[in-house]
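Q: Could you take a close look at one part of this model for me, the open sheet and what packs around it? I'd like the strand order, the pairing and the surroundings in one go.

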Amino acid sequence: MFLRSVKIFKNVIFLQIMKRSLSCSARETVRDLASKDGELRVFIVAGEVSGDIIASRFMNSLKKLSAFPVRFTGVGGLMMSRQGLKSLFPMEDIAIMGIWELLPHLSSFRVKLKETVESALSFLPHVVLTVDSKGFSFRFLKHLRAKYRKLGLACPRHFHFVAPSFWAWRGGEARLKGLTDFVDHVFCILPFEAEVCRSNGLLATFVGHPTLEDILELEVGKSTNQEWKVEGDGEKFRNVYGISSGSTIISVLPGSRLQEVTRMLPIFSHTLELLKNDFSRLTAVIYVAPNMRVEDYIGKAVDGWPVPVVLVPGDASCIKYNAFSASRVALCASGTVAVELQLARLPCVVAYRAHILTEWFIRYKAKIPYISLPNIILNSGIIPEALFGACTPSHLALLLGDLINDEGLRKKQMDAAGKFISALSPNNRATTNLTEGEPALLKFTPSMIAATVVLNS
């Protein structure tokens with residue numbers, strides 16, 4: 001009886017899909033499809049904290065721009081849930097970084113992939129958007145398009161937010177051509193990516209870096225043609241958490257995925273143990289990603305820390321930037337947070353460790369000498385990086401000590417931050433098709449540009 005019900009259900013879904021595919025054979029715009037159905041259906045997938053933030057902002061912008069109600073389903077985290085998404089399963093289930101790190105989770109990864117594809121088929125979306133997490137995202141888009149083609153049906157538009165870092169790897173650019181089979185449009189966050197994507201047959205739009213939207217959300221920053229900057233209230237942070245004015249605060253950002261946090265946090269703890277010999281009044285402010293597993297791990301791990309610790313929720317942006325303002329330096333794992341620190345003009349040291357085989361692969365395949373985005377964009381080692389075997393407590397302590405004491409190093413990094421951030425802002429050519437009459441800053445945000453492109457596709 002159960003098998004028969006499943007079969008009937010699948011047949012009903014097939015007929016629904018067929019009906020819709022006939023209605024969009026002329027490849028009408030997304031606006032046209034939404035108009036016919038009286039709603040816009042978007043299947044959206046994010047697999048990590050930074051992607052959750054990007055996706056939530058996109059969802060918010062799309063709802064503002066769409067003339068029709070927007071309905072979302074897919075996979076996401078806390079920020080996307082605040083925009084109305086009920087995730088198919090916890091986002092953390094697919095938040096796996098690295099090649100060999102994935103192997104122990106391969107079976108469950110495949111189960112989640114199948115579940116996501118089947119859910120997308122039954123949802124009948126007008127648009128499918130994946131955000132970063134290319135390991136899961138591209139497999140999902142590829143399988144989904146294959147399903148539609150097998151059924152001989154027109155497929156919804158496939159968008160991907162955050163281009164893969166093809167520029168970082170030997171042979172990476174050539175792999176872009178393979179994406180054209182299952183990705184219709186890429187939203188690029190770096191200024192040089194869109195042109196390279198288009199030259200390889202992949203439609204692309206440079207939307208700017210999503211971290212720039214922190215300024216609008218916080219209303220504590222300033223933006224002009226010359227400068228994007230967030231200014232937190234460091235004094236307020238010290239007062240709220242009872243930190244004396246004579247204490248040196250170090251922001252500690254160990255990552256958002258459990259596997260990287262468990263690898264990096266012990267190294268950072270030992271680093272601060274060494275530093276306290278030279279700086280007797282140290283306070284560590286640790287930023288805890290909105291990930292239940294990460295929260296549990298850090299909550300237990302800090303009991304044995306060598307210096308006083310303040311835990312700051314990773315989704316509390318205002319508190320985070322206030323803490324940045326109060327901090328002397330930051331110690332962070334490689335990732336999006338390096339951009340946030342540049343926006344706050346907080347000097348930092350970037351650290352990275354991975355599985356030994358993943359590190360070997362990076363050494364063999366990487367064609368650029370840096371891992372942090374500011375250094376990559378500026379093509380200069382402005383930010384100290386401690387990578388692989390060099391990522392040791394003694395080396396990190398040395399780098400941080402220099403950055404705390406040397407005003408010349410600090411100024412050099414803060415001056416470079418302005419140049420780096422300005423390079424991430426979308427230019428006017430990318431925003432000429434936006435609705436007139438809105439404030440310029442609102443029109444030019446990455447999420448608004450991406451939402452406009454989707455509606456007009």
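A: The open sheet has six strands, in the order β11-β10-β9-β12-β13-β14, with parallel pairing. Strands here are DSSP E runs of at least two residues, helices are H or I runs of at least four, and both are numbered from the N terminus; two strands count as paired if DSSP finds at least two bridges between them. At the edges stand β11 (309-313) and β14, each with a single partner strand, so one side of each has no neighbour in the sheet. From one strand to the next, the twist averages 20°; axes are lines fitted to C-alpha atoms, for helices over the stretch in contact, and angles run from 0 to 180 degrees between N-to-C directions.

A quick word on the numbers: this is a predicted model, so local features need pLDDT of at least 70 and side-chain atom pairs count only at pLDDT 80 or more, while totals for chains, interfaces and linings use all residues. Residues are numbered from 1 along each chain as its sequence is written, and side-chain values use heavy atoms, with hydrogens and water left out.

Now for the pairs. Five bridges link β9 (residues 248-253) and β10 (residues 282-288) in the parallel sense, and I250 sits opposite A284 in β10. Helix α11 (residues 258-275) packs on the sheet, where it touches β9, β10, β12 and β13, and its direction makes about 150° with that of β12.

Further along, β12 (residues 329-333) runs parallel to β13, joined by four bridges; L331 has V349 in β13 as its bridge partner. To get from β12 to β13, the chain goes through helix α14 (residues 337-343), a right-handed β-α-β crossover: with the strands pointing away from the viewer, the path from the first strand over the helix to the second runs clockwise.

On its other pairing, β13 is joined to β14 (residues 385-387) by three bridges, again parallel, with Y352 opposite L387. As for burial (buried is under 20% relative accessible area, exposed over 50%, partly exposed in between, with a 1.4 Å probe and protein chains only), five of the five residues in β13 (residues 348-352) are buried. That covers both faces: C348, V350 and Y352 on one side, V349 and A351 on the other.

S372 lies between α15 (356-365) and α16 (373-378), and is buried at 2% relative accessible area.

Notes. Contact means heavy atoms within 4.5 Å.
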